[in-house]
Amino acid sequence: MKKRTLVAASAILLLSGCSGLSPLIDKMPFSSNQGNHSSEESSPSKDEAKENEEKTDIIEEQPNVPTLQSHYFNEIKEVNGLNVIQNPLNVLALVNKEFALPNDYIPEDLERPNVPFSFGDLDIEKSYLRKEAAEHLEILFEQAKNEGIDLFAVSGYRSYERQEGLFAAKENQVGREEAAQVVAIPGFSEHQSGLAMDISSPSVGYQLIEEYGETIEGQWLAENAHKFGFILRYPKGKESITGYQYEPWHYRYVGIEAATVIHEKNLTLEEYFNLVEKI
């Protein structure tokens with residue numbers, strides 16, 4: 001397998017730095033600095049101006065607050081009462097229960113990474129990732145192999161239509177609200193972005209289960225994935241922030257710089273956008 005360097009992806013970031021769906025979504029306490037609506041903002045009141053000054057002082061007192069260029073934030077347009085991401089090619093797109101991808105969004109640069117898959121050599125939809133994520137996944141898997149860690153890719157890109165089928169099946173089993181805790185509503189799945197990969201190992205029979213987090217492989221991923229630009233997207237103890245149960249198998253590509261900050265500060269992607277200062 002041809003090795004690829006991680007420098008380019010890191011350099012990019014170094015230079016730059018729903019309502020209406022279900023009661024569950026409306027209850028989620030999302031408060032990230034996302035959603036750049038185009039509506040005109042009113043002038044702040046005296047109290048708001050004072051509060052903004054205090055926030056500015058706090059930032060100035062914290063010189064280590066990371067900065068991020070504005071194009072890495074979601075650009076949002078309300079469509080049928082939903083917050084729909086208008087710049088889905090953004091590698092840091094925040095896809096969650098508040099922000100959705102367009103129904104017809106299909107990444108243009110999908111490719112099949114040269115890594116072991118739990119289903120062998122089948123060339124199927126879920127074996128694909130966006131090009132940058134696929135290249136970094138290959139390097140991650142290669143390093144894991146060099147350290148005696150046995151990893152297998154299980155599920156990557158997932159189309160809107162495929163997500164519809166998965167959610168409908170789960171909804172029929174347990175109802176909509178409970179289904180939304182474990183399966184993303186169509187349009188709100190990171191898998192549609194082409195930047196997420198579910199990973200497992202023979203030690204758990206290639207299953208996607210919580211016990212994977214206790215295995216040698218699961219622990220290695222949690223400790224090392226950020227070095228290759230991936231984050232554990234739904235960590236334990238952060239369920240009230242992400243809106244999903246703990247998933248030690250679900251890894252999301254965000255680039256090395258962002259992944260390092262998220263890992264070192266023990267953040268979710270939502271918390272990361274609340275931390276970074278937009279420039």
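Strands S9 (230-234) and S10 (247-253) pair in the antiparallel sense over four bridges, where strands are DSSP runs of E with at least two residues, helices are runs of H or I with at least four, both numbered from the N terminus, and pairing requires that DSSP finds at least two bridges between two strands. The model is predicted, so local features need pLDDT of at least 70 and side-chain atom pairs count only at pLDDT 80 or more, whereas totals for chains, interfaces and linings use all residues. Residues are numbered from 1 along each chain as its sequence is written, and side-chain values use heavy atoms, with hydrogens and water left out.

**The sheet**
- Four strands form an open sheet in the order S7-S8-S10-S9, with antiparallel pairing; its edge strands are S7 (152-155) and S9, each of which pairs on one side only.
- The twist from one strand to the next averages 45°, with axes taken as lines fitted to C-alpha atoms (for helices over the stretch in contact) and angles running from 0 to 180 degrees between N-to-C directions.
- Helix H4 packs on the sheet and touches S7, S8, S9 and S10, its direction making about 100° with that of S9; contact here means heavy atoms within 4.5 Å.
- Leu232 stands opposite Tyr251 in S10, while S7 and S8 pair in the antiparallel sense over three bridges, and Ala153 has Ile199 in S8 as its bridge partner.
- Four of the five residues of S9 are buried, so this strand is largely enclosed by the rest of the structure; buried means under 20% relative accessible area, exposed over 50%, and partly exposed in between (1.4 Å probe, protein chains only).

**Nonpolar cores**
- Of the 51 residues in the largest nonpolar core, Leu140, Leu151, Ile199, Tyr272 and Phe273 touch the most other members; such a core is a set of buried Ala, Val, Leu, Ile, Met, Phe, Trp, Tyr and Cys residues joined through side-chain atoms within 4.5 Å.
- The elements that each supply at least two residues of this core include H4 (131-146), S8 (196-200) and helix H10 (269-275), and H4 gives the most, with seven residues.
- Another core, of nine residues, lies apart from it and has Phe167, Ala179, Ala180 and Val183 among its members.

**Helix H5**
- Tyr160, Gln163 and Phe167 are buried in H5, and they cover an arc of only 55° around the axis (from the directions of the C-beta atoms), which puts them on the same side of H5.
- On the other side of H5, Glu161, Asn172 and Gln173 are exposed, whereas the cover over its buried residues includes helix H6 (176-182).
- Just after H5, Gly175 takes a positive phi of about 95°.
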